Amino acid sequence: MADVARSQDDTAHDGGRTGRFTGMGPFMLVWSGQAISLVGNSVLRFAFVFETWSATGRATALTTLSLCALLPQVLLSPLAGAFVDRVRRRTALQLADGGGLLIVALLGVLHFTGGLSTWEVYGAVMLLGCAAAFQFPALGAAVPLLVDKNQLQRANSLLASAKSTADVGGPALGGLLVAFSGLGFIIVADLVSFALALAAIRVVRMRGDTGPGAKAGGPRGKLVAEAVEGMRFLFRLPSLRDLLLAFCFVNLVMVFGFAAVQPMVLARSGGETSALASVNTAIGVGGVAGGLLMAAWSGPKNRARGMLLGIIGMCLSAQVAMALAGGVVGWCAAILVGAALMPMINGTMQAIVQTKVPQEWHGRVFGAVMFLSQLSVPLATAVSGPLADHVFEPQAADGAGIFVVLGPVLGDGPGSGMAAMLLIAGLCGITVAVLGMSRRTVREIDTLLPDAADDSPDADVDDSARPGDPEAAENTDKPDNPENKALVEG
């Protein structure tokens with residue numbers, strides 16, 4: 001009887017499905033392959049960092065390595081998204097993982113036939129960044145074909161937990177493998193991880209994965225023009241536009257603040273590497289735990305409000321409390337809570353896009369989201385270091401500037417200036433989230449912007465009346481909320 005009652009509870013919670021993870025078998029298979037591949041990539045990245053440092057001994061070389069991985073992924077994401085919308089979702093995922101496999105295979109050939117030079121590592125990392133640019137829009141567009149709509153937040157959270165697991169477990173496993181096995185074994189292991197990811201994609205069935213729809217059957221535009229259309233889509237609908245702007249600005253201030261976390265911990269702990277290791281471990285554990293909890297919960301019913309409240313909680317814990325805490329225990333507790341909230345924020349944002357945007361636009365829109373949200377990462381990272389060294393730390397030591405007010409709270413010792421950066425970033429993020437909740441276009445996005453129509457072959461939908469479709473919007477006067485046309489038209 002207890003089992004029956006539990007089954008009935010799960011059925012009621014999931015809108016008639018029997019159990020929290022019922023119907024997620026195909027997704028779980030793809031997720032398993034992607035999780036293994038993410039760990040393999042993380043191990044390889046750590047090995048590249050170690051090899052580059054051993055060969056050069058320069059921090060600039062490691063910064064260059066990071067930029068080689070990040071910039072291609074950010075800059076190519078709009079074009080990659082446009083390409084994803086031109087092919088079947090399965091094909092796009094296979095090309096992303098297959099491209100990574102070929103690049104790592106080439107690395108293996110170079111390594112086993114004469115060793116890798118630093119410039120070859122840079123080139124390989126750039127190519128892997130190009131392959132990763134296709135991964136996010138392809139996976140974001142494929143998830144709605146693998147799970148029901150009420151499982152989207154759960155699926156996105158599982159993907160976030162897999163990334164957090166790779167971020168924590170990859171360097172730890174990489175350190176062991178570098179010490180005991182060497183780069184050659186790591187390359188082979190990454191090849192196997194890509195092969196497993198490809199096999200999982202190949203065997204699953206994606207519902208409605210028929211490629212571009214009939215509307216895309218006419219003459220194709222240029223890829224760049226289609227990528228720009230993904231941007232225009234987001235800014236044409238006020239609810240999506242306002243939510244995305246809040247998300248991107250919060251991402252900017254979060255990156256700005258988090259760039260100061262590691263040097264702040266080292267400065268305020270007297271250079272204790274164990275303190276930094278504890279904080280980094282707390283970030284990973286929080287991310288994994290948050291993703292798994294979100295997967296069991298399936299997320300807030302009011303998604304936009306839940307996401308913005310999550311942002312407030314993350315800013316309060318991982319930035320404000322982190323800046324005010326005075327020791328390793330406080331730092332770990334604060335940042336663990338913030339990291340646990342991050343999968344809910346990212347998973348909810350992805351679920352909103354997946355349900356509000358028509359399937360044929362998913363690649364372009366996810367490419368645009370990746371570009372706009374991640375463009376702030378190199379900018380904030382580049383600015384935070386000089387500001388810490390030349391503005392905030394000197395002011396903290398002298399008790400000048402804003403430290404006339406913040407000095408009694410944050411102190412004047414090493415790291416106090418970076419704590420101020422973290423505090424300011426957190427307060428800015430909270431302000432943006434509160435402003436977002438004050439806007440009806442954001443707060444009531446599920447009411448103002450109907451879900452996009454089902455794109456599966458069994459759905460009988462008139463494309464000309466599809467909610468959220470820019471092409472349909474240009475040919476009708478019907479707003480996404482008939483009761484408030486001004487909110488829709490901006």
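This is a predicted model: local features need pLDDT of at least 70, side-chain atom pairs count only at pLDDT 80 or more; totals for chains, interfaces and linings use all residues.

**Notes on helix packing and cores**

1. Helix α9 (residues 238–258) packs with helix α12 (residues 303–324) at an angle of about 10°, and their axes lie 12 Å apart. With angles under 35 degrees counting as roughly parallel, α9 and α12 are therefore roughly parallel to each other.

2. Which residues meet here? From α9 come Leu243, Phe247, Val250, Val253, Met254, Gly257 and Phe258, while α12 brings Met307, Ile311, Met314, Cys315, Ala318 and Gln319. By type, the residues of the contact of α9 with α12 are eleven nonpolar, two polar and no charged.

3. Next, the cores. The largest nonpolar core holds 72 residues, and Leu240, Met264, Val265, Val279, Ile311, Met322 and Val365 have the most contacts inside it.

4. Val365 deserves a look of its own. Apart from neighbours within four places in sequence, Val365 is in contact with Gly230, Phe233, Leu234, Val353 and Val357. There is also a second, separate core of 27 residues, with Trp31, Ala35, Leu152 and Ala162 among them.

5. Finally, the chain as a whole. The protein chain has 21 helices and zero strands, and 48% of its 490 residues are buried. Of the contacts with a separation of 6 or more, 82% are between residues 24 or more positions apart. The protein chain exposes about 21,400 Å², with carbon and sulfur atoms supplying 65% of that area.

Methods. Residues are numbered from 1 along each chain as its sequence is written. Side-chain values use heavy atoms; hydrogens and water are left out. A nonpolar core is a set of buried Ala, Val, Leu, Ile, Met, Phe, Trp, Tyr and Cys residues joined through side-chain atoms within 4.5 Å. Buried means under 20% relative accessible area, exposed over 50%, partly exposed in between (1.4 Å probe, protein chains only). Contact means heavy atoms within 4.5 Å. Axes are lines fitted to C-alpha atoms, for helices over the stretch in contact, and angles run from 0 to 180 degrees between N-to-C directions. Helices (H or I, at least four residues) and strands (E, at least two) are DSSP runs, numbered from the N terminus. Angles under 35 degrees count as roughly parallel, over 145 as roughly antiparallel, 65 to 115 as roughly perpendicular and the rest as oblique. Ala, Val, Leu, Ile, Met, Phe, Trp, Tyr, Cys and Pro count as nonpolar, Asp, Glu, Lys and Arg as charged, and the others, Gly among them, as polar. Accessible areas come from the Shrake-Rupley method with a 1.4 Å probe; for residues, only the protein chains shown count as cover.
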